[in-house]
Amino acid sequence: MIYLLLNTLINKRIYLCFFFSCITFSCIAIEPIIPIVKNPSIDTEKFELGELLFKDNRLSGNQNTSCYSCHNLTAGGDDGLKTSINLSTNSPTVFNVSKNYYLGWLGKYNQLKPHLEMILNNPKVMNIDWAFTINALANDVVYTKLFKVIYKTGVSKTNIINALLYYEENLILPSKFDAFLLGDINAISASAKKGYEKFKDYGCASCHQGANVGGNVFQKLGVINTFSGENGNYATKTLRVPSLRNVAVTSPYLHDGSVKSLKGVIKLMAKYQLGQTLTDTEVDQIHDFLKTLTSIIE
Amino acid sequence: MNRKKLILILIVLSSTLIISIYSTYKRYSNLQNTMDIQNTIFQLVKLKSADAVWNYELNSIHSDNFPHFDRVNKAANHYHKEMMLFLDISRNIKEPFDNFTTLLPTLSRQKKSRMNDYLSEVAIIRNSLKYLDTLLFSLNKEAENDKFILKFLADAQYQLSKSIALNQRINLKEPNSFNQCVHCTEQQIKTVNAINKHLKILNNQIVLSHQARDAFFNAEHSDLLTTLFDELSLIYVKTDAKHETIKSQILTFTLILVITLVTLFLLFYLLYRTIDEHRAAGITDPLTGLYNRKKLIENLPMFMASHVKYGQKFSLLFIDLDGFKGVNDTYGHDIGDKLLQKLSTRLTNSVRKQDSIYRIGGDEFVVVVQGINNADEAKNVAENLLTKCNRKYELEGNKCIVTLSIGISLFPEHAVTPDDLLKCADEAMYYSKNHGKDRVTVWNKKHN
C-alpha cells in the first residue's frame, strides 16, 4: 500500500516536472529565433587584450590592415563595401560570430580557430609575418604587461591567436528583439511585431532561424524563381544562409554586395526564394522588424 | 666431484633462465598496450553515442513548428569533436585497423554534407508550406462567394494535405484533381498558376528531401562504426591473451630461477662448511679443541719470522702433567679425558690473549707466549699457570690433584729453529720433572 502511494506521488511529481519543462521549453521552441545573452563571467582583461589585437595594424604583413579594417566595430561589424579589398565577397559582421555554425559565405569552416588562422595567413587578407608581429608586440610595453598578466608565457603565436579567439567568442551583443523574446513585450514597436509575424508566415524563418537568425544552413538563391542578378550574370551557387542580426547596419547585401538597400533585398528574397510579391506596407513592417535585430552597443 | 658438477649445471641453468626472462620481457615491451586499446574502445562508444544523438536530432527536426537547425548542427559538431579524439587515440593501433580509421573521416564528411543538403530541402519545404498556408488562408477569406475559385481552393487544400502526409511518408489516395479555373479573371488565373507551381515545387522538394534523408542515414557509415567496434574487441582480446601468456611465462621462469638460485646458495654453503670442517679436523685436537702438534710445527716458523721482524722474543712453555697416569689408572680413561678437558679450559683462561695453546701429546701441552722481552716474563706466565692449574679438579664426585712440570725455552736466545726450540723446552721440562715436579725451569746450557 505504502509502496503504491509513494509510487503515485513520485509519478505525479515527474508529470508536474514534465508539464512545467514542456511549457518553458515550448515557449522558446515555438519561436524560430532563440534569444542570445551575454556571457556573465567574462575575463575582462583577456577580452580587452583581444580587442587591442583586433584593432592592431601590426598583425598584417603590410602594417596598415587589421581585423578592424573589414570589421568596423562602430559600423555594424563590417566594412560597408560591396566586396572587401582583394576579395570577391561581401564582408559579414563579426558580431555574434561564434553563434554561427558555418563561417564565411561558402561555409567551409565550422570552427573559429582554423578560420582565424586562415584569415591571418591569407596573403590577400592579413598576410601576417609572425616573426615581425611577435617582435613588435614583445617590444610594446602595454602588450608585454597584458600578456604577462594573462598568460605567464608572454607574447607568442598561440597566445595571440588565443586572445583573438576569446574576443571573437565573447563578442555577443544582444538586441532589442532578444529582450522581446525574453518577455519584454514593449521592447519593439507594433510595426516590428507585425513584421515578425509576416517573417514567420511567409516562410523567411524556414532558413533564417536559430540563435543567429541564420548561419546554420545552406541554400541557393532562386529556390522558386530562378535568379540571375540585375545584370543577368549572377552565378547561383549554394551558399551559407547569412545571419540577419545587424542586417540593418551591414549594407550592401548578398555575397557580392550587389544590392544596396535593405528594402530592396527584402523584396528580392521574397520574390526569388518565396515566389511572393510583398506590398509596400509588408516590406516596411519586415524592415522594422529587421531593424530590431541590431545589436545594442554600450 | 658430483657436487661440483651439480653447481656448474645450476649456474648454466640460471644464466639461461635470466636470458630467457630478458628476451620474454623484450617481446612483452614490444607489444601493444592494452590500456590504449581500452581507451580507444571507450572513445568509440562515445563516438557512437554522439552519432546516435546526431541522428536523433535530425529525426526530430519536424517536431517543432519551426525547425531548429542549431540543435542538429551542434550535434554534428559534437560528433566531429569525438571523431577527432577517436582518431587521435587510435593512432597507435597498428594491424589492418588503420584502413578503417582512414575511411571514417571520409564517410563522416559525406554524412555532414548530406545533412546540409537535407536541411536545405527541409527549409524549402517549410517555407513552401508556410507560404501556401498563408496564401490559401487569405484567398479563402477573399473569395467567399466565388464557387469556382472555392472549388479550386478546396482541391489545392487537399493537395497540400497530401503533401504534408507525404512529408511524413504517408501516401493518400489520388482523386480527380481540379487544378484549373474555368471562369476566372486574369488576376485569378495568375494566382491559380502560382499556387499550382508552388504545389509542384513542394511535391518535388518532398521527394528530394526523402532522398537526402535516406542518404544521410548511410548504412556504410553505421556499418563502419560496428566494424570498428568488432575489430577493436578482437584486437583487444588477442593482445590481452598474449599479455597473459607472457605474464605467466615470466612468472614461471622467475619462480624456477629463484628456486635454482636458492639451491645453488645452499649447496655453496654446505660445501664451504664441509671444507672448513675438514681443515679444522686436521689441525685441532678432537678431545680438547686445542691445536695439535701439526699446527704447532706449522705455526712456529711464522712466529719466528714475525718476531725477528719486530725485534721481539717469544717463549715456548712445555707443560707435562705430573701424576696423570695415576689418575687414569685410579679412575679410568673417561675421568682422565674429562680432566684433560677441564685442564685445557683452565689453561685457556689463564694465558694472555695473544698466547696460543697446543696439545702435542697425551698429557703434553705447549703454550707459546708471544711478544716478551726476557725469560722472566714467560716464567711469570708459567707460574700463574701452575697456581691456577694445581687446584683440585672435581670430576663426577672424585677429587683429583695433578701438578704441572713446565720447561721454558726462549727464542732467539736458546734456539733459532722450531725443532731446537721445542727440544730445549722439552729438556727444561725434564729438568723440572727430575727436580721435584710442580715447578718451572728456564732452559740452560747446563741442562743439556
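So, the lining of the largest pocket: by class, that's 21 nonpolar, 21 polar and 5 charged residues. Keep in mind as I go that this is a predicted model. The pocket itself has a volume of about 1200 Å³. If you want to find it on the screen, look for A:L87, A:H115, A:M118, A:I119 and A:V125, which are the closest to its centre among the 47 residues that line it. Which elements give two or more residues to that lining? They're all in chain A: α3 (67-70), α4 (112-121), α7 (157-169) and β2 (238-240). And α4(A) gives the largest share, with 5 residues.

While we're around α4, have a look at A:N127. You'll find A:N127 in the loop between α4 and α5 (130-138) of chain A. For background, most residues other than glycine have a negative phi, and most peptide bonds are trans.

Rolling a probe the size of a water molecule over the atoms shows where empty space is left. How many cavities of 30 Å³ or more turn up in a search of the whole structure? The answer is 2. The largest cavity has a volume of about 810 Å³, and 46 residues line it. Nearest its centre you've got A:H208, A:V241, A:P242, A:L244 and A:M269. Which element provides the largest share of that lining? That's α10(A), with 7 residues. At least two residues each come from β1, β2, α10 and α11 (280-291) of chain A. Sorted by class, the lining of this cavity comes out at 27 nonpolar, 14 polar and 5 charged.

Now, how do the two chains meet? On the chain A side, 30 residues are in contact with 27 residues of chain B. The size of an interface is often given as the accessible area lost when the parts come together. Here the area buried between chain A and chain B is about 2500 Å², and carbon and sulfur atoms give 53% of that. In chain A, the residues that lose the most area to chain B are A:Y101, A:S206 and A:I224, and together they make up 22% of what that side buries.

What about polar contacts and salt bridges? Between chain A and chain B there are 16 residue pairs in polar contact, while the number of salt bridges across the interface is 0. On the side of chain A that touches chain B, α1 (2-29), α9 (190-201), β1 (218-220) and α10 (262-274) each supply at least two residues. That side divides into 16 nonpolar, 11 polar and 3 charged residues. You'll notice α10 of chain A again: it's on the side that touches chain B, and it's in the lining of the largest cavity.

A couple of backbone details next. Where are the cis peptide bonds I'd like to show you? One joins A:S251 and A:P252, with omega about -5°, and A:P252 sits in the loop between β2 and α10 of chain A. Another joins B:F411 and B:P412, with omega about 0°. For B:P412, look in the loop between β7 (403-411) and α12 (418-434) of chain B.

Last stop, B:L87, in helix α3 (residues 69-89) of chain B. Which residues does B:L87 touch, if we leave aside its neighbours within four places in sequence? Those are B:T101, B:L104 and B:P105. Compare that with B:A123, which is 36 residues away from B:L87 in sequence and 33 Å away in space, going C-alpha to C-alpha.

How values were computed:
Residues are numbered from 1 along each chain as its sequence is written. Chains are lettered from A and ligands numbered from 1 in the order in which they are written. This is a predicted model: local features need pLDDT of at least 70, side-chain atom pairs count only at pLDDT 80 or more; totals for chains, interfaces and linings use all residues. Side-chain values use heavy atoms; hydrogens and water are left out. Contact means heavy atoms within 4.5 Å. Buried area is the accessible area (1.4 Å probe) that two parts lose on being put together, summed over both. A salt bridge is a side-chain nitrogen of Lys or Arg within 4 Å of a carboxyl oxygen of Asp or Glu. A polar contact is a pair of N or O atoms within 3.5 Å; within protein, one must be able to donate a hydrogen and the other to accept it, and residues adjacent in sequence count only if both atoms are side-chain atoms. Helices (H or I, at least four residues) and strands (E, at least two) are DSSP runs, numbered from the N terminus. Ala, Val, Leu, Ile, Met, Phe, Trp, Tyr, Cys and Pro count as nonpolar, Asp, Glu, Lys and Arg as charged, and the others, Gly among them, as polar. On a 1 Å grid over the protein atoms alone, a cavity is a set of points where a 1.4 Å probe fits but cannot get out, and a pocket is an open set with protein on both sides within 12 Å along at least five of seven lines; lining residues have an atom within 4 Å of a point. Grid points are joined across faces, edges and corners, and a volume is the space filled by probe spheres set on the points.
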